[in-house]
Amino acid sequence: MSDKKKELKPNTYKFDTLSLHAGYQPHKNAGSRQVPIYQTTSYLFDDVDHAAALFNLERGGHIYSRISNPTVGVLEERVASLEGGTAALATSSGMSAIFLAVMTLCEAGDHLVVSSQLYGGTVNLFRLTLPKFGIKCTFVKPRDTEGFKKAIQKNTKGIFGELVGNPGNEIMNMPEIAKIAHEAGIPLMVDATYQTPYLCKPFEHGADIVIHSLTKWMAGHGSSMAGILVEGGKFDWMQNDKFPTMTKPYEGYHGLSFAEEFGPTAFTMKARAEGMRDFGPCLSPQNAWNVLQGIETLSVRMKKHCSNAEEMVKYLMSHESVAWVSHPSVPDHPDHELAKKLLPNGRGSMIAFGIKGGKEAGVAFINNVKLASHLANVGDTRTLVIHPASGTHSQMDEATLKFAGLSHDMIRLSVGIEDIEDIKNDFEVGFRAARKPRLVSNQ
Amino acid sequence: MKFRVNNSEVYASTGGRPFDKKKPLIIFVHGSGLTHMTWVLQTRYFAFHGYNALAVDLPGHGLSGGESLKSIEEMADWVSAVIDAVGHKEASLVGHSQGCLVTVECTSRYPDKIKTLSLMGGAGAIPMNPQLLSLAENNDPKAVDLMMDWAHGPAGHFGGHPVPGLYHINTGTMLAKSRTIQNTLGVDFRACDNYKNGFEAAKKIKCPTLSILATDDKMCPVKEGKKLASLIEGSQVDIIDNCGHMMLLEEADRVLTVLKKFITTNYPPLSS
């Protein structure tokens with residue numbers, strides 16, 4: 001017998017296995033191999049004592065599907081497991097997840113530091129809607145790491161940004177910005193919709209709260225709206241007096257202190273107990289199930305999304321009709337090295353490119369592609385295109401567009417998983433149409 | 001709530017209700033490297049039903065001050081001191097894993113103070129795997145990952161947390177990594193490994209005792225739990241199927257139901 005002792009290794013399940021199984025135990029669900037859709041509003045109490053126990057958070061369980069639902073619960077655990085988080089809370093959309101995260105963190109009079117390169121709807125939430133609740137924001141360009149530090153005020157309660165900005169593909173230096181946030185005693189919230197946990201796990205790089213629009217790559221098939229916030233569990237809410245709603249007795253639950261009672265899951269518990277109760281942006285069980293179907297194939301799809309995207313980058317960079325291409329895989333992309341560190345499994349399938357001929361050419365291109373769908377979504381299995389200045393970001397004025405890094409010649413491309421040659425052929429049709437108006441105007 | 005024992009600040013969750021000296025006291029003692037938060041699905045119930053439920057953070061753990069105690073015997077004396085510090089003369093004890101060693105030792109040392117004893121995932125001895133012990137004492141996070149792997153049964157590895165949205169293994173990992181591993185888990189594992197008095201202590205216990213064991217418990221297997229229970233006169237045993245060592249979370253409802261019946265029968269609450 002060999003004396004050599006076998007090295008101990010944890011045998012917890014890996015990503016692909018968790019994508020299929022996490023959060024669900026068939027033996028507790030009549031042996032159903034597939035996750036059942038609990039299409040119900042409410043749940044029987046065993047007796048009055050049981051009802052009181054559920055309302056007092058004395059025991060786990062479901063009361064009303066606005067607060068929680070067993071099918072949605074499987075999705076929440078599954079995403080928490082994939083992200084390496086302690087807990088998650090699913091919502092009706094990505095926007096409601098962001099709103100819920102902010103309202104769980106902030107009160108009137110508070111301030112947030114926010115990356116300037118965000119989805120247009122998110123920009124409007126931070127710029128126009130949150131001030132109506134007394135929450136003010138300072139916008140900082142995502143590459144201006146020091147700018148995040150300078151923008152922090154006494155009443156700042158957090159930093160928020162998209163890891164890879166929509167639509168310009170500028171990447172936040174998440175580890176450095178996390179350090180800045182933590183030195184100031186505030187959490188970093190990251191919207192990682194573009195990445196999914198397959199490409200990046202933000203908790204490993206210092207993020208404290210991760211938000212996804214599950215509508216995109218996680219669900220992946222363009223069928224269902226859903227969002228989620230995930231908690232990392234490392235942030236110490238009790239380290240300072242900035243978060244009294246987390247650390248002081250909460251009148252709404254018999255004087256409960258979320259941080260003392262729930263520690264690494266306190267943020268999610270508060271978001272559910274308070275936010276879902278009072279705002280109610282709950283996810284339907286059918287949509288939760290649809291998202292679960294998508295997550296089962298997440299890694300398979302993301303590999304294909306990323307390989308197709310890299311092919312499209314090469315194609316676009318060598319194309320005579322293209323003025324510029326922005327994708328983190330491009331060696332001269334300003335964040336190329338950072339992307340290698342943060343996105344080791346692939347740089348994502350969002351490409352921004354400039355079309356020669358400006359806005360007029362962009363419009364012609366989009367009006368003439370046939371395979372690529374012109375719509376306001378990303379992360380579908382199908383290839384999608386849009387002209388942000390006239391679509392997703394059209395509610396911004398000129399100055400805001402410029403600050404957000406948008407230009408009128410920019411096309412946003414979400415690369416699907418079709419055969420790559422078919423996508424390229426379709427784009428040729430679009431480019432030919434885009435060149436025609438200029439030829440006409442030059443004559 | 002916070003109070004002082006042996007000149008160090010102690011944190012104990014009161015389950016969301018204010019401490020009331022008139023109510024009977026139940027003290028919950030956590031396992032190696034963990035904190036009061038492992039008890040959240042038991043303490044809140046008792047706190048709302050006529051008891052003072054104190055889920056303590058052992059010294060040097062969670063929100064308590066001081067340094068981790070180096071032996072099970074010291075921890076047992078410390079639990080007795082907690083009863084004194086909060087102004088009670090007696091208490092019911094509930095322990096998990098290492099907390100079982102502590103509460104068994106405490107009950108044998110202070111038989112007049114301890115009215116009932118509830119053990120979850122308990123054994124008379126918990127010898128440590130030398131590699132695991134070494135990893136913990138060298139502050140290697142792999143020690144926590146291994147503990148979380150072994151502490152959850154096959155079903156628990158998939159999740160299925162009773163509180164919607166919470167994921168067992170990652171939550172446990174964060175609790176165990178919330179303070180310096182070598183100062184909590186490392187010291188606790190060494191204390192468990194050194195403790196040899198469990199079976200002798202068990203023979204001295206005369207109060208009503210309950211052991212909750214789980215079929216998939218790799219850390220304190222059913223046969224070890226039964227061996228300990230067999231030495232305690234009149235001890236009750238409840239075995240949970242498809243469950244690992246973290247039964248207080250993996251099967252929180254079942255644990256609470258059994259615990260509730262046992263404690264309310266043998267140590268009644270203050271009726272309102």
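**Figure 1. B:F28 and B:A55, facing each other across two strands of chain B.** In this predicted model, B:F28 sits opposite B:A55, a residue of β4(B). The strands in view are β3(B) and β4(B), which run parallel and are joined by five bridges. On β4(B) there's another pairing to look for, this time with strand β2 (residues 8–13) of chain B: it is antiparallel and covers two bridges. Here B:A12 is the residue opposite B:V56 of β4(B).

**Figure 2. Strand β4 of chain B, buried on both faces.** How many of the five residues of β4 (residues 52–56) of chain B are buried? Five of the five are, so the strand is largely enclosed by the rest of the structure. In a regular strand the side chains alternate between the two faces of the sheet. For β4(B), B:N52, B:L54 and B:V56 lie on one side, with B:A53 and B:A55 on the other, and all of these are buried.

**Figure 3. The eight-stranded open sheet of chain B.** Follow the strands across and you get the order β1-β2-β4-β3-β5-β6-β7-β8, with mixed pairing. Which strands stand at the edges? They are β1 (2–5) and β8 (236–240) of chain B; each has a single partner strand, so one side of each is left without a neighbour in the sheet. From one strand to the next, the twist averages 25°. B:A214 has B:I240 of β8(B) as its bridge partner.

**Figure 4. Two helices packed against the chain B sheet.** Helix α3 (residues 98–109) of chain B packs on the sheet and touches β3 (25–29), β5 (91–96) and β6 (114–120) of chain B. Its direction makes about 150° with that of β5(B). The other helix to look at is α12 (residues 252–266) of chain B, which lies across β3, β5, β6, β7 and β8 of chain B. Helix α12(B) runs at about 165° to β6(B).

Figure 5. Is helix α5 (residues 142–151) of chain B largely enclosed or largely open? Seven of its 10 residues are buried, so the helix is largely enclosed by the rest of the structure. The buried set is B:A143, B:V144, B:D145, B:L146, B:M147, B:M148 and B:A151. Note that B:D145 is in that list. The cover over these residues includes α4 (130–137), α7 (168–176) and α8 (181–194) of chain B.

**Figure 6. Helix α7 of chain A, with its buried residues on one side.** Over in chain A, helix α7 (residues 174–183) has A:M174, A:I177, A:A178, A:I180 and A:A181 buried. They span an arc of only 160° around the axis, which puts them on the same side of α7(A). An α-helix has 3.6 residues a turn, so residues three or four places apart point the same way. Among the elements covering the buried residues of α7(A) are α6 (145–151), β4 (156–162), β5 (188–191) and α14 (336–342) of chain A. Just past the helix, look for A:G185, which takes a positive phi of about 75°.

Figure 7. A:M312 belongs to helix α13 (residues 298–317) of chain A. Why does A:M312 count as buried? Because A:M312 has 22 C-beta neighbours inside 10 Å, and 20 or more are needed. Leaving aside residues up to four places away in sequence, A:M312 touches A:I351, A:L413, A:V415 and A:I423. Take A:L413: it is 101 residues from A:M312 in sequence, yet the C-alpha to C-alpha distance is 9.7 Å.

**Figure 8. Where the two domains of chain A meet.** At the contact, 28 residues of domain 1 of chain A meet 34 residues of domain 2 of chain A. On the domain 1 side, the elements giving two or more residues are α5 (120–129) and α8 (196–199) of chain A. That side divides into 11 nonpolar, 14 polar and three charged residues.

**Figure 9. The contact of chain A with chain B.** Chain A puts in 46 residues and chain B 34 residues. On the chain A side, α3 (70–83), β1 (87–91), α10 (258–262) and α11 (266–278) each give two or more residues. The largest share, five residues, comes from α3(A). By type, the chain A side has 14 nonpolar, 22 polar and 10 charged residues.

Key:
Residues numbered from 1 in each chain as written. Chains lettered and ligands numbered in written order. Predicted model: local features only at pLDDT ≥ 70, side-chain atom pairs only at ≥ 80, totals over all residues. Buried ≥ 20, exposed ≤ 12 C-beta atoms within 10 Å, placed from the backbone. Helix = DSSP H or I, 4+ residues; strand = E, 2+ residues; numbered from the N terminus. Arc of directions from axis to C-beta. Contact = placed C-beta atoms within 7 Å. Nonpolar A, V, L, I, M, F, W, Y, C, P; charged D, E, K, R; others polar. Pairing = 2+ DSSP bridges. Axes fitted to C-alpha atoms, helices over the stretch in contact; angles between N-to-C directions.
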